[in-house]
Amino acid sequence: MSVGRRQQLLYFLALHRTGLLVGLLAAALLVYPCLQDNPYTLGLTNLIAINAIVVLGLNLFIGYTGQISLGHAGFFALGAYGSAIATVTAGLPPWPAIALVALLVGLIALAVGIPVLRLTGHYLAMATLGFNFVIHTVLLEWDEVTGGPSGFSGIPSLAVGQWAFDSEIRLHYLLWTVTLLCLLLSLNLVRSGVGRGLAALAGDETAAAALGVDTRQAKIKVFVLSAVLASLAGSLFAHSFGYLSPDSFGIFTSTDLVTMVVIGGMGSIWGSLFGAGLITVLPEWVDLFETYKDFVHGTILVLVLMFLPQGLVSGLVDMIRIRIALQRTKNAAA
Amino acid sequence: MLRLDGISRHFGGLPALDGVSFTVPRGRVTALIGPNGAGKSTLINCITGADQPTGGAVVFQGRDITGLPAHRISRLGIARTFQNLRVFPRLSVLDNVLCGLTGQGGQSMIMAMLRLPSLRHRERLLRLRAMAALDCYQLGDKATWPAAILPYGDRKRVELARATVSRPDLLLLDEPVAGLNADETAGVGEQLKRLRAGGHTILLIEHDMTLVMEIADQVVVLDSGRCIAVGTPAEVRRNPVVLEAYLGQTEACA
């Protein structure tokens, strides 16, 4: 009887593992500000939340459709400056502005994606890098609108009625709620038939097409989805910090985002959270990393891609899965 | 079921296929044989949309499908396996087979992200079907394994399971027993017979003549991109043109 109970429990845990993990993470984040009320640390975890949103979308694009983008800091910038201009210059209320900007960025991604996603490999990397470069230059040069090199300040905080998200603790709850929602949506997507089609596409385009996956359309859809997530993260970034500088959206930000994806691992949604966390925190932990940040990130990127091309976390997970399966065969044979 | 009407495929000036015409009758096994380089795989690619014919027409169930993209053709009910295996190594065996049900899993990305109860229910049904397909190929106990560590013979069977799980109207098999030992070949032969008994229509490319003679209802012989003979296995076996293509000039042998 007790064995039956135990098996039932294990079955329940296995069946609802994703939901339970998300629940666990949500609970941990709920109590986190009670244990840690240092505004600096909270500011750092808030930044992780914002980066995680971009990385989730980018990982869907890189890890699930097998493409590459070195331009997502561009979409991040469009979201951030879009929200800033919409609320400060045009005087729109912040919440509808976020939705409107996300919609516009989605359309821009569609317009960029349709021609650019005909390319693959290095060419795609160059094209997206070029896109990022164009956005960055526009931010610098068009100073009547973007404030130019001196940045854009005075962006209002988000608020629900009189309740303004203006302290680190309040932002913690807002940002992590959005991040968890995005996490949940991504997890749902990859566990569906559509997600399997995307995984197939990342594995082998010809085979995926033969199984009924519209490869061209799938790439564009995921590209647009990842751009919309980046835009959403950008808007939250603008409203959280109140100040934007073009330096935050250069091509090195794009490579940092790709490094986060690679650390987390291709096609690993949970890994994305880890990658975003590690790369955001790393320069803060060790001073050396702050000075030579780009070198350190570059080295990490090269080492991971050389030894674990599927990415750090998912590469290790794959290795463990293979070990376990091989062990089981051996036991079965013995 | 499937009618090919003068299919040609030229690579530059070189004809890989030159006016190939034959029909694949419903519920039968048609074997496509021919020496290496005869254009068999090119023909399969032209039927499934992985490659576009430069001339001629492919008609499937009365509908002209020439030049349609591969995913549209797949959704019409044509499934295939590949000569050089295309199993997804990082996915589990079960997920590989579930990929064969992509068409039934829903197309909308937004619905997938919301994961409504109806979608969960459908996912469970698909999972059951995939498990049943794995059981057919004696792979049930390896369902959770990553496909990368499967031995070659098992990967071949995973591909077969992936191609058959959606119960396609037409199944194109590109050398399903190539590289398998005698036992494994016999096993796949049994599977093919079972598929045929289940009413599947199969177009089979194969070099293993014992297998072809055993299960084919109709044999089509390609040589240098041309269809040189069509008939029952017994007829084709006696056809002097076919013997010449395979063995060279008969006079030279005599």
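Q: How is the area that chain B and chain A bury between them counted, and what is the value?
A: Buried area is the accessible area (1.4 Å probe) that two parts lose on being put together, summed over both. For chain B and chain A this comes to about 3,100 Å², with 64% of it on carbon and sulfur atoms. In chain B, the residues that lose the most area to chain A are B:R90, B:M109 and B:M113, together 24% of what that side buries.

Q: What model do these values come from, and how are its parts numbered?
A: This is a predicted model, in which local features need pLDDT of at least 70 and side-chain atom pairs count only at pLDDT 80 or more, while totals for chains, interfaces and linings use all residues. Residues are numbered from 1 along each chain as its sequence is written, chains are lettered from A and ligands numbered from 1 in the order in which they are written, and side-chain values use heavy atoms, with hydrogens and water left out.

Q: How many residues does each chain bring to the contact?
A: Chain B brings 33 residues and chain A brings 36 residues, where contact means heavy atoms within 4.5 Å.

Q: Why is A:C182 called buried?
A: Buried means under 20% relative accessible area, exposed over 50%, and partly exposed in between (1.4 Å probe, protein chains only). A:C182 has 6% relative accessibility, so A:C182 counts as buried.

Q: How do you know that B:C136 is in no disulfide?
A: A disulfide is a pair of cysteine sulfur atoms within 2.5 Å. The nearest cysteine sulfur to B:C136 is that of B:C99, 19 Å away, so B:C136 is in no disulfide. Over all chains the structure holds 0 disulfides.

Q: Why is B:C136 called partly exposed?
A: The relative accessible area of B:C136 is 38%, so B:C136 falls in the partly exposed class.

Q: Is B:R167 buried or exposed, and why?
A: B:R167 is exposed, because its relative accessible area is 54%.

Q: What makes phi of B:R167 worth a remark?
A: Most residues other than glycine have a negative phi. Phi of B:R167 is near 50°, a positive value in a residue other than glycine. Phi of B:Q138 is likewise positive, near 55°, and that residue is not glycine either.
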